[in-house]
Amino acid sequence: MTSIILAIVIGGLFGFVLDRVGATNPTIIGRMLNLTNLSLAKTILLAIGVGSVLMFGGQMLGLVNVGHMSVKAAYVGVFIGGLMLGAGWALAGFCPGTGVVAAGTGRKDALYFIAGGLLGAAAYMVTYPSWKASGLLDSILGGKVTLGLVPGSKFEAITALPGDIMGLVLGLGFIVLAFALPDRLAGQPGGAAQQPAE
Amino acid sequence: MTLNWKIGGLMLGLVFFAAVLLVKPIGVSTQFVILDGIAADLVSPDLVTQTDEGYTSSNAYLAKSGGKYAKSVANPLNYSLVFVIAMVLGGFVSVKMRGGLDKAERAMPALWRANFGDSVAKRNIAVFVGGFIVLYGARLAGGCTSGHMMSGMMQTSISGYLFTAGAFAAAVPVAMMLYKKEA
């Protein structure tokens with residue numbers, strides 16, 4: 001039962017914050033992806049950095065259970081799937097998480113996203129054996145690996161560097177990147193279009 | 001009202017940290033498969049079956065990794081599915097607290113309207129197709145923006161970097177092609 005309460009609290013907060021950072025609004029996603037307004041990219045970079053620093057810092061202090069880490073396998077399909085997700089993300093302006101939250105905020109088009117998503121996931125379930133047979137799901141670069149070896153974790157590493165220190169340094173790197181990233185990389189700086197449409 | 005990126009990024013980072021501190025890293029796209037499985041199992045109850053060791057399925061994808069997806073289909077009241085349902089409620093509470101969306105925005109986002117006009121059917125077809133590609137790709141990749149990009153890179157996972165490279169390599173050119181007019 002505890003896990004269900006945690007699911008409600010953390011899931012609820014996640015949905016709330018995704019809406020507040022603008023991630024449920026396809027206009028804000030589109031402006032990030034066409035490089036005309038990178039605020040959301042800064043938000044994401046900062047979030048990854050903060051999460052990383054707290055997690056690895058907490059692990060080093062013995063406050064965070066290393067066993068909670070869950071690293072996914074690397075295989076060629078990760079990149080191909082990433083390309084597909086990216087294309088659909090740009091077209092719809094939703095990714096799986098933000099699409100679901102956007103439906104909660106009253107966006108009717110998000111319901112069509114969820115319907116398309118359910119069909120897409122079902123199509124993958126049916127076609128999975130062909131992908132499996134193609135070898136594109138076979139592990140590359142060591143499979144479930146992190147950049148450095150994280151003490152106490154069950155995952156291998158791609159380098160011999162200490163994974164917790166590396167995680168901390170990379171986390172700080174993400175934070176620096178969030179600050180360094182310009183407000184926009186394309187379009188007219190200072191144009192009227194920079195004002196939010198809402 | 002969108003939060004300033006410094007406050008928003010900090011809050012989002014704290015949520016990702018809270019998840020890994022208390023339970024496990026955040027992920028969403030698997031639940032589309034679980035929902036499909038629950039629906040399909042209602043129509044044909046033989047889809048997911050119990051075994052001595054746990055659960056399995058006549059669908060190879062649900063049966064993979066020792067039947068962990070089959071198990072979730074058989075037990076819908078689990079952490080990951082409730083998490084996603086709670087996300088919807090979180091979004092609902094947030095939008096109510098900021099005064100709700102206007103009618104035009106509920107139908108389609110401003111950037112889409114500026115570039116493609118206000119046909120609701122056109123928008124909904126595009127989003128449906130987009131949803132199909134996004135979830136097909138996410139399942140092929142084994143995760144989405146939450147699980148691979150954010151949770152993955154936060155844990156210095158190689159697969160997170162691989163996924164993110166793919167996602168932006170496609171998303172940026174497609175968005176630049178589609179959204180030439182700013183809104």
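**View 1. Two domains of chain B, with centres 19 Å apart.** In this predicted model, the C-alpha centres of domain 1 and domain 2 of chain B lie 19 Å apart. The domain assignment runs domain 1 over 1–100 and domain 2 over 103–183. Where the two touch, domain 1 of chain B puts in eight residues and domain 2 of chain B puts in eleven. On the domain 1 side of that contact you'll find six nonpolar residues, two polar ones and no charged ones.

**View 2. Chain B from end to end.** Chain B holds nine helices and two strands. Start at the N terminus and the elements go α-α-β-β-α-α-α-α-α-α-α. Its C-alpha trace spans about 60 × 40 × 35 Å along the principal axes. Chain B has 183 residues, and 52% of them count as buried. Take the contacts in chain B between residues at least 6 apart in sequence: 46% of these join residues at least 24 apart. As for confidence, the mean pLDDT of chain B is 95, with 100% of its residues at 70 or more. The model as such scores ipTM 0.96 and pTM 0.94.

**View 3. Chain A from end to end.** Over in chain A there are seven helices and two strands. Along the sequence they follow the pattern α-α-α-α-α-α-β-β-α. The C-alpha trace of chain A spans about 50 × 45 × 40 Å along its principal axes. Of the 198 residues in chain A, 57% count as buried. Among chain A contacts between residues at least 6 apart in sequence, 59% join residues at least 24 apart.

**View 4. Where chain B meets chain A.** Here 110 residues of chain B are in contact with 115 residues of chain A. Which helix of chain B gives the most to the side that touches chain A? That's helix 7 (residues 120–141), with 18 residues. Sorted by class, the side of chain B that touches chain A comes to 75 nonpolar, 27 polar and eight charged residues.

**View 5. Helix 1 of chain A and what covers it.** Helix 1 of chain A takes in residues 2–20, 19 residues in total. From its first C-alpha to its last, helix 1 reaches 27 Å, close to the 27 Å expected at 1.5 Å a residue. Its buried residues include A:A7, A:I10, A:F14, A:F16 and A:V17, along with the glycines A:G11, A:G12 and A:G15. A:L18, A:D19 and A:R20 are buried too. What sits over the buried residues of this helix? The cover includes helix 5 (96–104) of chain A, plus helix 1 (5–22) and helix 4 (79–97) of chain B. Just past the end of helix 1 of chain A, have a look at A:G22, which takes a positive phi of about 90°.

**View 6. Helix 9 of chain B and its packing partners.** Helix 9 of chain B covers residues 158–178, so to speak 21 residues on show. Its first and last C-alpha atoms are 30 Å apart, close to the 30 Å expected at 1.5 Å a residue. Among the buried residues here are B:I158, B:L162, B:F163, B:A167, B:A170 and B:V174. The buried residues of helix 9 pack against pieces of both chains. From chain A come helix 2 (26–33), helix 4 (76–92) and strand 1 (145–146). From chain B come helix 7 and helix 8 (145–154).

**View 7. Two stretches of chain A listed in UniProt.** An unreviewed UniProt entry lists several stretches of chain A under "transmembrane region", including residues 44–67 and 110–131. Over residues 44–67 the chain is 71% helix and 0% strand, and the end C-alpha atoms are 25 Å apart. Over residues 110–131 the chain is 100% helix and 0% strand, with end C-alpha atoms 29 Å apart.

View 8. A:L35 has a phi near 65°, a positive value in a residue other than glycine. You'll find A:L35 in the loop between helix 2 and helix 3 (39–60) of chain A. Is A:L35 buried or partly exposed? A:L35 counts as partly exposed because it has 16 C-beta neighbours inside 10 Å. B:S65 also isn't a glycine, and its phi is near 50°, a positive value. B:S65 lies in helix 3 (residues 60–74) of chain B. With 10 C-beta neighbours inside 10 Å, B:S65 counts as exposed.

Note on methods. Residues numbered from 1 in each chain as written. Chains lettered and ligands numbered in written order. Predicted model: local features only at pLDDT ≥ 70, side-chain atom pairs only at ≥ 80, totals over all residues. Contact = placed C-beta atoms within 7 Å. Helix = DSSP H or I, 4+ residues; strand = E, 2+ residues; numbered from the N terminus. Nonpolar A, V, L, I, M, F, W, Y, C, P; charged D, E, K, R; others polar. Expected span 1.5 Å × (residues − 1). Buried ≥ 20, exposed ≤ 12 C-beta atoms within 10 Å, placed from the backbone. pLDDT = per-residue confidence, 0-100. UniProt positions renumbered as here; feature names shortened; annotations may be inferred. Domains from an automatic or database assignment.
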